[in-house]
Amino acid sequence: HGERINSMVTSVIEASTGKKDIKMTSEVGQAMDELRNFLFEAVYRNPVAKGEEVKARSMLAELYDYYVLHPQEMPDVYYRNTEFESVGRCVCDFISGMTDRYAIDIYKKLFIPGVWQGINE
């Protein structure tokens, strides 16, 4: 990810320095277009991935409901904010910062019986 971002930033600097327009070099711009097209085809609009959306929404809703009822179990940085913000807002902030893998791991820990964990992995 870092190399990709560095390439994009460097490309913008190279193509824009001393010019009125801000743009990327054609080479990096073309690569970005190809990456974007691939992601839409293989990920964002992929029927298999789209089929998982219902499960993901359900998982996030259950995590939200759990932490609204147990805000003290969030990391301190989020829990302390409940003094100034609503619990729901703090839970949203906590969940929105989770990676997919972290959310799944937390969900397993909270809702999947320990004896079932590891099955089919």
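This is a predicted model: local features need pLDDT of at least 70, side-chain atom pairs count only at pLDDT 80 or more; totals for chains, interfaces and linings use all residues.
Confidence is lowest in helix α3 (residues 47-51), at a mean of 84, and highest in helix α6 (residues 87-96), at 98.

For bookkeeping, I number residues from 1 along each chain as its sequence is written. Local features need pLDDT of at least 70 and side-chain atom pairs count only at pLDDT 80 or more, while totals for chains, interfaces and linings use all residues, and side-chain values use heavy atoms, with hydrogens and water left out.

I then listed the secondary structure, taken as DSSP runs numbered from the N terminus (helices H or I, at least four residues; strands E, at least two), and found seven helices and zero strands in the protein chain. The radius of gyration, taken over C-alpha atoms, is 21 Å, well over the 14 Å that the globule rule (2.2 Å times the number of residues to the power 0.38) gives for 121 residues, so the chain is more spread out than a compact globule. Along the principal axes, the C-alpha atoms fill a box of roughly 55 × 40 × 20 Å.

In contact (heavy atoms within 4.5 Å), Met59, Glu62, Leu63, Tyr66 and Tyr67 of α4 meet residues of α7 including Ile104, Tyr107 and Phe111.

Technical notes. pLDDT is the predictor's confidence in each residue, from 0 to 100.
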